[in-house]
Amino acid sequence: MQANPLVQLTLARIREFFREPEAIFWVFVFPVLLAAALGIAFRSRGAEVVPIGVRDGAGAAEVAATLERAEGIRVERVDSATAYDRLRTGKLALAVIPGDTVSFWYDPTRAESRLARLLVDGALQRAGGRPEAVSVRSQELTEKGARYIDFLVPGLLGMNLMGTGLWGVGFGIVNARQRKLLKRLVASPMRKSHYLLAQVLGRLVFLVFEVGIVVAFAHFAFDVPVRGSLVDLAILSVLGAMTFAGMGLLVASRARTIEGVSGLMNLVMVPMWIGSGIFFSTERFPAAVQPLIQSLPLTAVNDALRAVMLDGAALVVMPGELAIVAVWGVAAFAAALYLFRWQ
């Protein structure tokens, strides 16, 4: 075992990791800080208040007074130029122009502006004496597992698996290539597959601490549930980590500089940061791009993590997500093995 190239390369990768304080921070500390900041922000935030501008002129005082009494609206008096500038920069969700016919000035592509229009219209209509045709009541969704922080934590966990897999593996290989270390390893008694597999195994050594710290912090700090099996969660985390580590190998297989590999990794990760449902549901994207989004490995990992943690689902009921992650991992590792160059 002491002379086995795979064992020695894996141990070398682990030692190299511990000699990089920056890597320890980004793998173990940063995800907890991010979860804490977002959790505090969204857990303590009250009902959203939309900013409304009432344009100065005849009837402005009456309209502003009416809207100030409405719930969920913050009103300010503005002139035409200021209204345009604040709408353009997103500081106002909607501008109200008083008159015999009240006009609304807003961007219909912004969800906040559409909400503001509904709130303002309802407040003005009620003030004008419109009867309520239907009696309604509200029920807030506050139970554990249905809050935004519960949705967010599995997404952050998936994002961390992707980030540390790609950055940790990719940077290590390119850094060794730049320092001519890979060139020296060519003469050693090992195969190319030994070196690449050691990068993946070295990544998995820290996985239990990486995942455990985030899940434990979210549970004790914000009461985020883990309703499914911890074994299923561990298997899913290992599968996701191996897939993203394989993608890190592929990205770094030919890159010669840190700048080059950084650009390639951003090219791979940015679409998944945006489209894979880390901070909001993938359903917000148009139907035309849904097949592409659902085929991304981070989308599958996030969906599976939420199913296990929030719904208590078992891995056997999500073969589609597991297949997507596995196919990406196998394909990335095979391509990296074929394309990899020592120098």
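Mentor: Let us begin with a definition: a crossing is left-handed if the near helix is turned anticlockwise from the far one by less than a right angle, and right-handed if clockwise. Please note that the model is predicted.

Trainee: Which handedness does the crossing of helix 6 and helix 8 have?

Mentor: Helix 6 covers residues 148–178 and helix 8 covers residues 192–205. For this pair, the clockwise case of the definition applies. The crossing of helix 6 and helix 8 is right-handed.

Trainee: How is helix 6 oriented to helix 8, oblique or roughly antiparallel?

Mentor: The two helices pack at an angle of about 140 degrees, and their axes are 10 Å apart. Angles over 145 degrees count as roughly antiparallel. Helix 6 is therefore, relative to helix 8, oblique.

Trainee: Which residues of helix 8 does helix 6 meet?

Mentor: Helix 6 contributes Asn160, Leu161, Thr164, Gly165, Val169, Ile173 and Ala176 to this contact. The residues of the contact divide into five nonpolar, four polar and one charged. On the side of helix 8, the residues are Tyr195, Gln199 and Arg203.

Trainee: What is the distance between the axes of helix 6 and helix 13?

Mentor: Helix 13 comprises residues 297–311, and helix 6 packs with it at an angle of about 135 degrees. The two helices are therefore oblique to each other, and their crossing is right-handed. Their axes are apart by 9 Å.

Trainee: How many residues in the contact of helix 6 with helix 13 are nonpolar?

Mentor: Helix 6 brings residues including Phe151, Val153 and Leu157, while helix 13 brings Leu298, Val301 and Leu305 among them. Of the residues in this contact, three are polar and two are charged. The number of nonpolar residues is 12.

Trainee: Is Ile258 buried or partly exposed?

Mentor: Ile258 lies in helix 11, which spans residues 258–275. Buried means under 20% relative accessible area. Because the relative accessibility of Ile258 is 24%, this residue counts as partly exposed.

Trainee: How far apart in space are Ile258 and Gln178, C-alpha to C-alpha?

Mentor: Ile258 touches Phe171, Val174, Asn175 and Gln178, not counting residues up to four places away in sequence. Ile258 and Gln178 are 80 residues apart in sequence. In space, C-alpha to C-alpha, their separation is 8.4 Å.

Trainee: What share of the residues in the protein chain is buried?

Mentor: The protein chain has 14 helices and four strands. The count of residues in the chain is 343. The buried share of them is 42%.

Definitions and conventions:
Residues are numbered from 1 along each chain as its sequence is written. This is a predicted model: local features need pLDDT of at least 70, side-chain atom pairs count only at pLDDT 80 or more; totals for chains, interfaces and linings use all residues. Side-chain values use heavy atoms; hydrogens and water are left out. Axes are lines fitted to C-alpha atoms, for helices over the stretch in contact, and angles run from 0 to 180 degrees between N-to-C directions. Angles under 35 degrees count as roughly parallel, over 145 as roughly antiparallel, 65 to 115 as roughly perpendicular and the rest as oblique. Contact means heavy atoms within 4.5 Å. Ala, Val, Leu, Ile, Met, Phe, Trp, Tyr, Cys and Pro count as nonpolar, Asp, Glu, Lys and Arg as charged, and the others, Gly among them, as polar. Buried means under 20% relative accessible area, exposed over 50%, partly exposed in between (1.4 Å probe, protein chains only).
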